[in-house]
Amino acid sequence: MIFDQIGNVYSIVAVLIGLVICLFRYIDKPRRSWVYVTMFLLCMLLSCYYWGAYVLIIGDDPNVSSFLAYVGDNLSFFPLILLLLHIRADGEKRFFSILSLLPVPLTAYQFTIYIQFGGLFNNIWQCFLSTVVIVLSLNNIIYYLKNKKNGAKKPYVGFVLFFYTVFEYAMWTSSCYDWPNEWLDPYNYANLLLFASMITLPWAVIKMDGGKFFERTRTSTQRMGHIFKPLYIVFAVGICLSGCFIGMQFRDTIDSSITGDINSTVYSIVHIELFTFSSILVAFSIAMIFIVNFAHKTLENARLKEEKIIAEKSNIAKSDFLASMSHEIRTPINAVLGMNEMILREGLRVRDKMPSDPDRLHETFVDICNYSGNIESAGNNLLSIINDILDFSKIEAGKMEVIDGDYKLSSVLNDVSNMIYFRAKAKNLKFIVDVDKSLPDGLYGDEIHVRQSVINILNNAVKYTEDGFVKLSVRGKKEIDSQNGYWINLVFEVSDTGIGIREEDMEKLFKRFERVDLEQNKTVEGTGLGLAITQNLLEMMGGKVSVMSKYGIGSTFTITIPQKIVSPEPVGDFKEKFEKEMARTKAYEDGFEAPDARILVVDDTKLNLSVVKGLLKYTKIMIDTAESGAESIELAKDTPYDIIFMDQKMPKMDGSQALSLIREQGGINKDTPVICLTADAVVGAREKYIAEGFSDYLTKPIDRNALEKMLIEYIPDEKVHMTA
């Protein structure tokens, strides 16, 4: 009887462990498969607790009610059948192998020998349902063996339930025979294996879902799990121990009140008490499933409502943004078209009726220059808007990259100061630059994004300031990293005497598609993306941005960016250098002539070819043009060029293909520098095109200064005559 008692205690513990695993998994991730396994284990608990606890308390098998003894075991097959039907793949639903029927003759044989012990109804019930389980399990295994090359899932559940049913058959069959003692009875060993497979079933379901047995789940129901999980363990263990304790009390009371031999039917009260306690545990477990399911649905509905509110707000913000962009984009386009109309009118008037008065002629050309300047300003505004939208799209898509390299801090400060100086001057604002002389000049970091971040903040300061000044202060704090050497936290502080920011608008400041104080700032051009882009760029570089502002008085933005020090050489008196450079600034003049130089410009848009010709009109360079890659290859066969400017995106043959064919055909232009001419200005584009074989990279819209600098670099020195 000792082996039997150990087996019964083991079966109760095994079922409870399986129940805890299944319910905990269901709390974390509600799945229908966990409900089926939990219901199966609850049915088994209904029988094994009643039976095992009775044997433990009374020391004999219960024989009062076959219904109480087998009801849980009989019902347990239904959840298993539902589980096997649930886990079937789409292809398996239309698959059935005749080999799956192999267990049927064995079931028939087992039925004939067990009917005298289990009763007709109970035997038919068990044999039929267990046969369905083993046939479905075997079919699941055969389907996998035939379709594993096509990616069929491994039959973990089918495999476990197949052996579970085999062990069940072994128990029933061995119980029909007499054995010398319990240690030789196969029933006890089959029982141990049966409940071992029962614990294995939750593992099989986890493997079927592609999860891990030991994994830490972080879900919105984590707090719910902290409540329900310990509650269930305490209740389940408490019910089981309480049932045994009360059963022992009943046994002792009965033993003390009767004398002589007694029949085990006297202990029917213990039968009923244990079955009641197991039923309470089953009812509590089912209630727990319903509560968890309700809680999950409540949380899911709350999450969906929250996401709906966020989506609605986002859609409103995007609609406002698109409406704003429609205005922002059409405004500079209107200026471009309007000013261009004025230039055409003045030009046609001069062409058709040249003014005889020199002053009048001079006035006309002054007007034309002013109109042209307005077009340039409007075009730059439009380009800035488009760049902001493209930059933010790249950040949203995760395609914005940090590309570090060596650079000069003085070069960045010079570029930033030059750009902002003229914008501030156009609004009659004072632009102040204050740079710590001791800052190291040679740094390692993402020069492009450092420059872009500072310019974005300064542009904002100029846009929202009507009177007073904009000030850029640059400081730094050196730090030592034992592994990576010397670092400096660059601190850019931008102060202005602008309109300031209300306290309630501070949280909107760095949000996408948001612009604060729209009523007052409706005439200020911009996308409302600049600060959001800046914050993202800084986070990518390990930096940060903060702001202090008083409405109506001004604002101070502070950018902190960690950069590695490459050279300790100081920046020096940057303020003095900048002021001297601004004093030397004068109207643009062509800096060189190259009448002996010859270049080829390839672009499928005629207007772009005209732009390049116009920009280089006074350099006297001989310019050939081609409107396709194929045409450029033909021209490159017979005409030697000093430089070829190649548009990248052209129909039929792009720039990279044309470059490759020019190199392959050899000849006089085999080693001619080929410059990639493209509107692709994303981070990493330059490196990409140079890797494809281009000598250099020039973006559209073409910057006049960048174009001339590139010509001077690549045209042989003997052909270039500097004029300025």
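Just after helix α12, Asn 428 takes a positive phi of about 60 degrees. The model is predicted, and local features need pLDDT of at least 70, side-chain atom pairs count only at pLDDT 80 or more, and totals for chains, interfaces and linings use all residues. Residues are numbered from 1 along each chain as its sequence is written, and side-chain values use heavy atoms, without hydrogens and water.

Helix α12 covers residues 409-426; helices are DSSP runs of H or I with at least four residues, numbered from the N terminus. At 1.5 Å a residue, its 18 residues should span 26 Å, and the end C-alpha atoms are 26 Å apart, which agrees. The expected span is 1.5 Å times one less than the number of residues.

Helix α6 spans residues 120-147 and contains Ser 130. Ser 130 is buried, with a relative accessible area of 0%. A polar atom of its side chain lies 3.2 Å from the backbone oxygen of Cys 127. Leaving aside residues up to four places away in sequence, Ser 130 touches Phe 77, Thr 165, Tyr 169 and Trp 172, where contact means heavy atoms within 4.5 Å.

Helix α7 (residues 156-174) packs against α6 at an angle of about 145 degrees, with the axes 8 Å apart. Axes are lines fitted to C-alpha atoms over the stretch in contact, and angles run from 0 to 180 degrees between N-to-C directions. The contact includes Ser 130 and Ile 134 of α6 and Thr 165 and Tyr 169 of α7.

Definitions and conventions: Helix = DSSP H or I, 4+ residues; strand = E, 2+ residues; numbered from the N terminus. Buried < 20%, exposed > 50% of the residue type's maximum accessible area, 1.4 Å probe, protein only. Polar contact = N/O pair within 3.5 Å; in protein donor to acceptor, adjacent residues only side chain to side chain.
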